[in-house]
Amino acid sequence: HLDQVPGLPKQSRRFSSLTYPRTSPLSPMSALEGDYAVVREIYDSENSSRQFEEELERSIDDEKSTIIIEPYQLGEETTRWIRFGNFLHKAAVIAGIASIAT
């Protein structure tokens with residue numbers, strides 16, 4: 001698990017409510033094998049929250065296969081946006097199928 005990721009402090013090994021099966025390419029186990037990034041929770045200035053967001057953006061832009069988000073609040077916000085995106089995708093697919101069926 002994440003205990004094996006080098007440099008990841010134990011106190012920050014919290015998971016948000018979004019989880020994936022072990023066989024998923026987004027599973028925490030895949031971080032041990034491939035290209036991954038860790039958004040570290042280090043508060044060294046007043047703008048630390050903004051720095052966390054920028055680091056997450058860089059990781060997404062670099063197309064990392066797995067991104068570990070240590071700051072709990074940023075992880076939860078990211079989880080909500082992923083769920084919202086999944087909802088929009090499902091709604092679009094259902095609307096498309098319904099329009100073809102009618």
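Predicted model: local features only at pLDDT ≥ 70, side-chain atom pairs only at ≥ 80, totals over all residues.
Local features of the model are considered at a pLDDT of at least 70 and side-chain atom pairs at pLDDT 80 or more, while totals for chains, interfaces and linings use all residues. Residues are numbered from 1 along each chain as its sequence is written, and side-chain values use heavy atoms, with hydrogens and water left out.

The secondary structure of the chain consists of two helices and two strands, where helices (H or I, at least four residues) and strands (E, at least two) are DSSP runs numbered from the N terminus. Read from the N terminus, the order of the elements is β-α-β-α. Of the 102 residues in the chain, 25% are buried; here buried means under 20% relative accessible area, exposed over 50%, and partly exposed in between, with a 1.4 Å probe and protein chains only. The chain exposes about 7500 Å², and 56% of this area is supplied by carbon and sulfur atoms. Accessible areas come from the Shrake-Rupley method with a 1.4 Å probe, and for residues only the protein chains shown count as cover. Among contacts (heavy atoms within 4.5 Å) with a separation of 6 or more, 64% are between residues 24 or more positions apart.

Four salt bridges are present in the structure, a salt bridge being a side-chain nitrogen of Lys or Arg within 4 Å of a carboxyl oxygen of Asp or Glu. One of them joins Asp 35 to Lys 64, with 3.3 Å between the closest N and O atoms. This pair links distant parts of the chain, since Asp 35 lies in the segment before β1 (36-39) and Lys 64 in the loop between α1 and β2, 29 residues apart. Asp 35 is partly exposed at 40% relative accessibility, and Lys 64 is also classed as partly exposed, at 27%.

A salt bridge is also formed by Glu 70 and Arg 40, whose closest N and O atoms are 3.4 Å apart. Here too distant parts of the chain are linked: Glu 70 is in the loop between β2 and α2, Arg 40 is in the loop between β1 and α1, and the two are 30 residues apart. Glu 70 counts as buried because its relative accessible area is 3%, whereas Arg 40 is partly exposed with 27%.

Within helix α1, Arg 50 and Glu 53 lie three residues apart, about one turn of the helix. Their side chains meet in a salt bridge with an N to O distance of 3.1 Å. Arg 50 has a relative accessible area of 48% and is therefore partly exposed; Glu 53 is likewise partly exposed, at 31%. Together with Glu 54, these residues are linked in a network of salt bridges.

Apart from its neighbours within four places in sequence, Ser 48 is in contact with Ile 42 and Tyr 43. Ser 59 is also part of helix α1, which spans residues 48-61. Its relative accessibility is 6%, so Ser 59 counts as buried. When neighbours within four places in sequence are left aside, the contacts of Ser 59 are Ala 37, Lys 64 and Ile 67.

The surface carries a negative patch formed by Glu 57, Asp 61, Asp 62 and Glu 63. Patches are made of residues with over 30% relative accessible area and no salt bridge, like charges being joined within 9 Å and nonpolar side chains (Val, Leu, Ile, Met, Phe, Trp, Tyr) within 5 Å. Asp and Glu count as negative and Lys and Arg as positive, while His and the chain ends are not counted; the place of a charge is NZ of Lys, CZ of Arg, CG of Asp or CD of Glu. Asp 62 is found in the loop between α1 and β2. Glu 63 lies in the loop between α1 and β2 (66-69) and is exposed, with a relative accessible area of 66%. Although not a glycine, Glu 63 has a positive phi of about 55°. Most residues other than glycine have a negative phi.

Trp 81, Phe 84, Phe 87 and Leu 88 make a nonpolar surface patch of about 480 Å². Phe 84 belongs to helix α2, residues 72-101, and counts as partly exposed at 42% relative accessibility.
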